[in-house]
Amino acid sequence: MQKLQGVGVSLGIAVGRAKVLNRQPLQVASRSIDASDVSSELVRFRSALEHIGNDISRLLDSFSFGKNERDILDTHRLILQDPELIKSVERMVRDDLICLEHAVSRHFQKAAKLFDEMEDDYMAQRIADYREINQRLLRHLQGNEQKIELDTDTILVVDEIPVSLLMKLSRDKLRGIVTDKGSRTSHAAIVARSLGLPVVVGLRDVITEVEDNAHCILDGQSGQLIINPDSHTSDVYEQLLSNQEQHREDLLKLVEQETATADGTRIHLRLNIELPEEMDHVLHLSEDGVGLFRTEFLFMDRSSLPTEEEQYIIYREVAEKLLPAPLVIRTVDIGGDKLSNLLNIEPEKNPALGCRGIRLSLEHPDLFRTQIMAILRAAVTGNIRVMLPLISCVEQVQRSRKLIRTCEQELAQRGREFRRNVPLGVMIETPAAAMISSVLATECDFFSIGTNDLIQYTLAVDRASDTVADQFDPYHPAVLHLITLTVQNARKHNLPVSICGEMAAESDFIPFLIGLGLHDLSVSPGIYLTAKENIMRVQSSDIVDLVLDVLDAECSAEVKQRIRDWHKASRKSR
Ligand code: PEP
Ligand code: MG
């Protein structure tokens, strides 16, 4: 038995046989061609582009993919249609007289180098997309396209998940995926999560460690791949797997029940949504609406900024589906680098600390105004609230309010229907915002605590980095004290406060957060029912001591121990 440790990016357990795809990248040697071969090379190039483009279209037509998957395939199509690709490859073949395969490789190497210099997770994904298209083109040109047959209960072992391949594989047979490379935000991880497959990434050299057909257990929670498990481990995981199935069925029964603690305190449990298309699949889960609608999707992978009309239609549609429950729309929270081609700005060395969130919106008032006007118009029919990301000082809220007022004036002048005084909230996700929450409370209508960034900025730990992933620590007393301070200040000013970071869904923290007085939680759809189950187990009388105990702890280990002890005692008393 051997255990490999990686990073779990999609939860769940999978048991099956390894299918190792050792897709060594194709290398091509430089070869000169005669001038008389140029036209046949160019025809071969156009036909390869067309073939792969058609393949992507067929794939899109043959499955009902979600917006995420379609966007990724569209990105691949855009790369194939990129005039720069066509121009530069044709120029190299025509002017430098080098063979087509080599010209293609050279083009993609240059593109990858450009993205590589940007040092950013999002850009790293662009490299993966480029690499994938490069390899597909080369495989096609060399008559080397792969067909992959899966056996039942397959755990796919790959260096990096090729998205198009993932979408073609039989979903009935594929149980999970492990990879050498990748991160939480890689496209492949997103697709795998939306397919509900457990995934562990970053298991360096896994493709050489695992033999094809080896018996494997994949644990998306602990981030482990267990190769050739002994019989005891197999038995434990078989049991866990069967519990997982049973638990899934039990959770579904909770949908009909009201979200409240065991002793009847009503808790609002809302949804975090990233794509409007998600709504139809998750609407049935919550009667409390959406506590965080991330609007970044509207601004990603496109050639122009979304118009007011386009945004208005989307916001109105989502809000109307939720009525009478609210829709909290967060204005775009995106780093300057991700929009650089749309806004004509230089990519930054350190985007997490750069021009992102509210800073970017205030820096680009046209972009901000367009989004605000779309929201104010949609608020005529929807129960909509606006929320500002990455606030770190009170002036940012004041400037945003002022801009909202001018939007109201402009809409009035244009004779458009819109709603005045749409509630304006602030995300508390920087230590600065938590520290001045007493002042911020006088400038806004609600708070929502974003623990993902709050942890990142409080502990100075890059939330996207594998290297420091173990130091991204929600148990750290500094994080818990900042949350507490925010809740206390909100209460002092009678201001509604909610929490929408991942901590809101964690079983360890739910009783503590409710004990602090957070009765409004917003979580991802995938974990919604588990969070609800945890809320429904909380006894209000039990949690007072828990809060005092946790806030009295001096280090993370102590916090964790006290929470675990409390859970143990509480399980016993149930
Ligand atoms: C957060 O930071 O906790 C949050 C909810 O926002 P995001 O994860 O989109 O940054
Ligand atoms: Mg955030």
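## Burial and overall organisation

In this predicted model, 54% of the 574 residues of the chain count as buried.

The chain holds 23 helices and 16 strands. Among its contacts with a separation of 6 or more, 69% join residues 24 or more positions apart.

## The helix pair α22 and α23

Two packed helices are described by the angle between their axes and the distance between the axes. For helix α22 (residues 540-552) and helix α23 (residues 556-573), the axes come within 9 Å and cross at roughly 165 degrees. Angles over 145 degrees count as roughly antiparallel, and α22 and α23 are therefore roughly antiparallel to each other. The crossing of α22 past α23 is right-handed.

On the α22 side, the contact is made by Asp 542, Ile 543, Leu 546, Asp 549, Val 550 and Asp 552; α23 contributes Val 559, Arg 562, Ile 563 and Trp 566. Of the residues in this contact, 6 are nonpolar and 4 are charged, with no polar ones.

Gly 335 is located in the loop that runs between β11 (327-330) and α12 (340-343). Its relative accessible area is 6%; residues under 20% count as buried, so Gly 335 is buried.

Leaving aside residues up to four places away in sequence, Gly 335 touches Cys 355, Arg 356 and Leu 360. Gly 354 lies 19 residues from Gly 335 along the chain, and the C-alpha atoms of these two glycines are separated by 7.1 Å.

Technical notes:
Residues numbered from 1 in each chain as written. Chains lettered and ligands numbered in written order. Predicted model: local features only at pLDDT ≥ 70, side-chain atom pairs only at ≥ 80, totals over all residues. Heavy atoms only, no water. Helix = DSSP H or I, 4+ residues; strand = E, 2+ residues; numbered from the N terminus. Buried < 20%, exposed > 50% of the residue type's maximum accessible area, 1.4 Å probe, protein only. Contact = heavy atoms within 4.5 Å. Axes fitted to C-alpha atoms, helices over the stretch in contact; angles between N-to-C directions. Parallel < 35°, antiparallel > 145°, perpendicular 65-115°, else oblique. Left-handed = near helix turned anticlockwise from the far one by under 90°. Nonpolar A, V, L, I, M, F, W, Y, C, P; charged D, E, K, R; others polar.
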